[in-house]
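Subject: Structure handover, with notes

Hi there,

Here is the structure I promised to pass on to you. Have a look at it first, and then read on for what turned up.

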Amino acid sequence: MAPSLSLFQKQFAPFLLAIYLFADASNALLWHTPTNPSIPGALLWGTGRITTTTTRITTSPIANFRIRPLAEQQAKNWGNLDPLSGFDGNDNGDDDASKVSSFASQPTRTTTTRTPSINFNSNSSSNNNNNKKKNLRQFTRYLEVECWKRAELRSLEPVLQAVANACKEINRIVQRAQTDDIYGAAAAAATAVVGQSQSQSQSQAQQTITNIQGEVQQKLDVLCNAYLLRAFCGSSRVISSVASEEEDEPRCCSNVMNDPAFASGEYIAVFDPLDGSQNIDASLPVGTIFGIYRPPPGTAMKDNDAAFLQSGNSLVAAGYCLYSATTVLVLTMGSGVDGFTLDPDTGKFLHTHPDIRIPLSGSLYSFNEANFRDFDEPIQRFLNSLKEKSRTKTTTTDEKQPPPQQSKKTIARYVGALVADTHNVLINGGIYGYPATFQNRNGKLRLLYESNPMAMIMEQAGGAGSTGFGRIMDVQPKNIHQRVPTFLGSLENVFELDQFCQYYSSQDESQQTLYE
């Protein structure tokens, strides 16, 4: 005997049947298949391809509105876009345009997962290959291998790794300088004095900080200096003393770390924490320069100046980090030059520039020609000769004559930051110069913090570094903040400049090999 239906079931039976049929029709439309126990062709949005899945249905058709288990897992991997829109880009009679518009009208969902663009072509494998990253060695692995090859440098591995991490932090604060309000000059800390008025206290707090060269320190200079002090002194007990361009005197690492155990290292370090910091306000490239020396035998570590006053030939390692469109770390440990690019996705330096070699000569020159009238005669003649090389050597109107010969056109590039300009020359070839002027007879670049490390990198890459009268790395410093005229670049370009300096300079100037 069939069970009797209640009055409620009799009245609402047609309505329930309509819901069932509507759900069944909607399911077939969304999944492009009839409602049967096996539904293939589940479309996943945000993957750049159509993924075919097969899932067994064990519930009513209304339950099919949820994402299938396999599709749900893949959706988590590829993004949070709705796979139930039914858009497949195929000409199979369904109205894809209406589905796209309905999908676009849905509320936007925020996700941190990167989703490649949708590929409408049948060949999806080529699109996937374009999104793959290069298989590059990481900076950490590079250090392990190089320090294993040279046992005398194994103790520097944690130091160089800490410097790379400090460069990442500096890159981060440079990017955030505007939003975090760390632009501008650094103000001196105010000291409260009994009986001092509030206006006097505010005036004292607004006083800017200047370094020993009389340059106004920027807020970023102070922050970056603290990062590098901690990197060199706090990473291990290998570095005993450090000298910064931003500080008047060298500092013992035991003083930096407030621990006497850090005073017995076998190396000393020098650095310029933020070269070209004046470029920050205009969002131009800046950089960090560093060098590591082995102190002379028998040098008392308490006499820090004596340990640092040595030529660039004593450098064990040198490098710089460029903060620009990409963040590039360039390093030499005395056996070639290698470059590493910071991957913004993983936060790691990858070995993108193995064994960098500067061209033997180049057409690029990087001088601040606003000071052209203040340059010495040899430098003026050299720059004029570079410009003349771009002109046509011979001109003729005779059709029988061969076409006029034209030399390679010279290119002028000057950013105003040593790291940025030198890196451009290192990659493309040419010459960078900051010569002496009437106001600054020794130039403006510091020998220990800037010229020596950059000269070592250039020479290891097959280039040269010169003062105009000899190698930069042969100059014996007299004080830790000594400056020298600096010329860096391709071997032939630097040699040509030296010839101009020796030929057109007076006898007293040509014999000058030491700058005070």
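A disulfide here is a pair of cysteine sulfur atoms within 2.5 Å. Before the findings, a word on the source: this is a predicted model, in which local features need pLDDT of at least 70 and side-chain atom pairs count only at pLDDT 80 or more, while totals for chains, interfaces and linings use all residues. Residues are numbered from 1 along each chain as its sequence is written, and side-chain values use heavy atoms, with hydrogens and water left out.

The cysteines

Searching the whole structure gives one disulfide. It joins C233 and C253, whose sulfur atoms are 2.2 Å apart. The link of C233 and C253 is left-handed, with -65 degrees about the S-S bond. C233 belongs to helix 8 (residues 219–234) and C253 to helix 9 (residues 253–257), so the bond ties together parts that are 20 residues apart in sequence. Helices (H or I, at least four residues) and strands (E, at least two) are DSSP runs, numbered from the N terminus.

Both C233 and C253 are buried, where buried means under 20% relative accessible area, exposed means over 50% and partly exposed lies in between (1.4 Å probe, protein chains only).

What about C167, and how far away is its nearest cysteine sulfur? C167 is in no disulfide, and the nearest cysteine sulfur, in C321, is 3.9 Å away. C167 counts as buried because its relative accessibility is 0%. C252 is next to consider: its sulfur is 6.3 Å from the closest cysteine sulfur, that of C253, which is too far for a bond. C252 is buried as well, with a relative accessible area of 18%.

Eight strands make up an open sheet with mixed pairing, in the order 4-3-5-6-7-8-9-10. Two strands count as paired if DSSP finds at least two bridges between them. Strand 4 (251–252) and strand 10 (348–353) are at the edges with a single partner strand each, so one side of each is left without a neighbour in the sheet.

Working through some of the pairs:

- Strand 3 and strand 5 are parallel, with five bridges; I239 has Y267 in strand 5 as its bridge partner.
- Strand 5 and strand 6 are antiparallel, with six bridges; the bridge partner of A269 is I292 in strand 6.
- Strand 6 (residues 286–293) and strand 7 (residues 315–323) are antiparallel, with eight bridges; I289 has Y320 in strand 7 as its bridge partner.

Helix 8, the one that holds C233, packs on this sheet and touches strand 3 (239–244), strand 4, strand 5 (267–275) and strand 6. Its direction makes about 155 degrees with that of strand 5. Contact means heavy atoms within 4.5 Å; axes are lines fitted to C-alpha atoms, for helices over the stretch in contact, and angles run from 0 to 180 degrees between N-to-C directions. Helix 5 (residues 139–149) lies across strand 8 (327–332), strand 9 (337–343) and strand 10, and runs at about 0 degrees to strand 8. As for strand 5, nine of its nine residues are buried, so it is largely enclosed by the rest of the structure.

Strand 14 runs antiparallel to strand 15 (residues 486–489), joined by three bridges, and G465 has L488 in strand 15 as its bridge partner.

Eight of the eleven residues of helix 12 are buried, so it is largely enclosed by the rest of the structure; among them are D421 and H423. G429 follows helix 12 and has a positive phi, near 85 degrees.

A helix pair

Helix 11 (residues 377–388) packs against helix 14 (residues 491–504) at an angle of about 135 degrees, their axes 8 Å apart. The residues that meet include I379 and F382 in helix 11, and L497 and F500 in helix 14.
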